[in-house]
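Good morning, and thank you for joining this meeting. I would ask you to keep the sequence and the structure in view while I speak.

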Amino acid sequence: MVELRLLGPVELVATDRTVDAGPPQRRLVLAALAVDAGRPVGTDALIGRVWGTDPPEGARRSVYAHITRLRHACDRFGDVPGEGLRLTRRSDGYVLEADRQQVDVHRFRHLTDRARQARVPDTERASLLDEALGLWRGEPLSGLDGAWAQQMRQAWRREQVAATVEWARVRARLGDPAATIGTLSALLDEFPLVEPLVEALMRALHSTGRDAEALLCYASVQRRLAEELGTDPGTALREVHQAILRGNVPGPAATPHVVATPHVVPSEPAGPRRGTVPAQLPFAVGGFTGRHEELARLDALLDTARPSAPAVVVSAVSGTAGVGKTTLAVHWAHRVREFFPDGQLYANLRGFDPGGTAANPAEAVRGFLDAFAVPPARIPPGLEAQTALYRSVLADRRVLVVLDNARDAEQVRPLLPGAPGCLVLVTSRSRLTSLAAAEGAHLLAVDVLSPDESRSLLADRLDARRIAAEPAAVAEIVARCAGLPLALAVLAARAAAEPRMPLATLAAEVRETGSRLDALDGGDPATRIRAVFSWSYEALGPAARRLFRLLGLHSGPDISAAAVASLAGVAPERIRAPLGELTRAHLLTEQLPGRYSLHDLLRAYAAELAHAEDTAPDRHRATHRLLDHYLHTALRAQQLLGPPADRILPSPVQPLVAPEEPADREAAMAWFTAEHPVLLAALHQAVREGFDTHVWQLAAALTPYHQRRVLWSDWFATHTAGLAAARRLADEAAQACALRNIGNAETSLGRPAEARVHLERAAELYRRLGDPSGAAHTHLALGRVSTQQSRVSEGLAHSRRAVEGFRVAGDRAWQALTLNNVGWDHAEMGKFRDAIAYCEQALALIGGTGHVSGEAHTWDTLGYAHHHLGEHGEAAACYERAAALFHDIGDRYYEADILAHLGDTHHAARDPRAARDAWTLSLALFEELDHPDAEALRARLRLPPDRDPSDTVLPPRA
């Protein structure tokens, strides 16, 4: 097997020999390709990594020479199946084609990621970390100079220290702390201020009877922190110090929850890397050219984005449409992502979307909370409360936040972190001067490319000899594209598709197209590129031209290949060719595998063409097909999330529509998550274009997802639109459905009085319609409202009426779920025997209905009732069953919650070992979720075995 080694001297190693990778500069080129193995790296990116922001005049020629020699070296291994290397040239850059496991730094990350999984046994965890740390052979990229190499070194050393701390904790739990002392001591000599490293060494020394050395270690770091940083040791380190003095040091946590971060350089201190680390940046665009001054100004912000800085760093990049703001932002974000070890967030705010569907800040905030795996149960209603939680999650973290295509400062402000250490990069067509005035944003205006930069972009995407051979044609092409990268990229893609056509011919065609459009020009550079769009569009085949026009009718931020097929009315396998043609022509971007997006200017142009070339009935049929695709797929996904409250009978799909078929509950949730912004846009499009039945049915199809993800505001808004559509249709059943959902959403939003009004209207409609199931769901909702208003007996009466209604309707699943509600109400009133009786009835009914979550909640209620009756054995068995079911469906929050209460039951049964085991498992899950309930579990685990845990109660249960 061929390996690329970067964690030490850069080496290319075969099974039986080491291949000379050449002088330092060539090894640096190899390393710059290896860190992105399998992905294209543009020439300018390579130059930046080797020479920085001020490359010498012959840098490009040097890169080409190094690439040639590296290609020869790699070709010697290209034929080894699955284990070889190839270095290839693509239109978007150079690609080192290799399995990422062949590159030691990627192998290291793969092993440490596996070791951090919560349910990996400690023996396996230790083995994985042993192998990962064994990949280190000294200073990474040793012997190589430059800012990029130094940046990589610092980032990778942080990861090495974090993995070493985790390894030491695991070895300590396995009873072998002595084996870690030498490694920890050596690493501490290099990073003397990394407190988790100090803590691990102190624990190891104490465990082997060397308390005096442990206390000396603490005194040394205490002194250095005071002298060099002016701070004291942190809480965890002070607690270990005091515990050693008292002689009662607790064992290390069951799973590592603090990632060490060495103070490598003063300009780059990084906070603790906790829980999930999002990496949301879109694909970087290949062939990035120029913008050296802009990149240098953005680079200068890194030194100010420190935890010790006085405020969050914000940079607002502005410029006309098509000038390359997003490309610049994403390119720079990828270049510096290692400076932000706690994650990179990205949101397209769609501020200038031609369909008018700008993103609500609440949508972006919620997406960011999901990216950090914040449990839905922890997310409060309302933008203000969610923004506060988002800022709490980002506190003490170093995160890069890219807010693309913002409409104005008001759309951005709720998305700004509240504490220093993070950096926010905003792009907008508007110059966001109010952000500079109020938030101290650094403003950066991006202008069109200069003629030299434009020629460089073309040269990077086309054969350089072809460019040099026709300077006059190149000059005219550059002039016609007005210095706009989008126009140049589209034209270069078209030219690359015709390698034998003279550039003079291409220039003449663009000139001719442009003369026809001059009357519509208006002198704005952003509108002049319509000539380039038009020429590229006319060069497409008929199927690709039709598809491009139809994509202009789609209002969502992006679209899947399956939805494209339904929009076009063709079989999914026949859509690949026109999609590929549009992508190669740079008229469409595959931003993620299988998901496509149009630049705003291209979408507006496509919509213009659709209205000019397609008839109104053709456009209507295409929109109908698209809405059918989303509605029917959503209804199929809804069924997999459990028995829905809303029974929707849609009209049959239009001809040539192929809805998607999610395979299981996990696939259904993944589909809803990927398509949620698109579905909201589709619902608003249905409102605008008069598809009222689709409006209320889409709202109903989205309801289970909105409930599971705690998207109360979206739940309310979609059904408000659905109610208006149902009234236009004079459809009383649809109105009742919308009214009930609005009431449920208002209850969740904490507005019980308003909820009661809507629910009582729904109940009246269901009575008039003779719909026992709808009436039962409404009584169930009225029971929730009554409970929220402290009208317990009234709430119980509504729940009983709901049980009877579901019985009459023959709906076993919902009858069982409601019986559990009745049981919980009795438990809350202290009637635990009655609660058990109702829950046993629920379990008898729920089997075979597929509602695993409802079954789990019923076992939880039974556990709660048995616990309060002092029947601890029965309670423990019920809790264990509930925890197993929640684990099976991947609901980590409720699994953690149940395990915590299982620990309480074992404690009450005087079984401290079992209690600690359950609490430890619960703590591991809460820490994995970065949930505040973890602190209560830590407090419980610190209690002496004979203490009652009621002093460390978790929040009240729902």
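Let me begin with a single side chain. A polar atom of the R153 side chain lies 2.9 Å from the backbone oxygen of L144. Please bear in mind, here and throughout, that this is a predicted model. R153 itself belongs to helix α6, which spans residues 147–173.

What is the nearest side chain of opposite charge to R153? That side chain is E139, at 4.0 Å. R153 is buried, yet it has no salt bridge. Setting aside the neighbours within four places in sequence, the residues in contact with R153 are E139, P140, L141, S142 and L144.

I turn now to the strands, starting with the open sheet. Three strands make up this sheet, in the order β1-β2-β3, and their pairing is antiparallel. At the edges are β1, residues 3–5, and β3, residues 18–19, each of which pairs on one side only. Strand β2 covers residues 11–13 and is joined to β3 by two bridges, the two strands running antiparallel. Within this region, V13 stands opposite T18 of β3.

A further antiparallel pair is formed by β4, residues 86–90, and β5, with five bridges between them. One of the pairings to look at is L87, whose bridge partner in β5 is L96.

L656 is not a glycine, yet its phi is positive, at about 70°. This residue sits in the loop between α28 (616–640) and α29 (665–688). L656 is also exposed, its relative accessible area being 58%.

The second case is S790, again a residue other than glycine with a positive phi, in this instance near 60°. Where is S790 found? S790 lies in the loop that runs between α34 (772–788) and α35 (792–809). Its relative accessible area is 62%, and S790 is therefore classed as exposed, the cut-off being over 50%.

That concludes my presentation, and I welcome your comments.

Methods: Residues are numbered from 1 along each chain as its sequence is written. This is a predicted model: local features need pLDDT of at least 70, side-chain atom pairs count only at pLDDT 80 or more; totals for chains, interfaces and linings use all residues. Side-chain values use heavy atoms; hydrogens and water are left out. Two strands pair if DSSP finds at least two bridges between them. Helices (H or I, at least four residues) and strands (E, at least two) are DSSP runs, numbered from the N terminus. Buried means under 20% relative accessible area, exposed over 50%, partly exposed in between (1.4 Å probe, protein chains only). Lys and Arg count as positive and Asp and Glu as negative; His and the chain ends are not counted. A polar contact is a pair of N or O atoms within 3.5 Å; within protein, one must be able to donate a hydrogen and the other to accept it, and residues adjacent in sequence count only if both atoms are side-chain atoms. Contact means heavy atoms within 4.5 Å.
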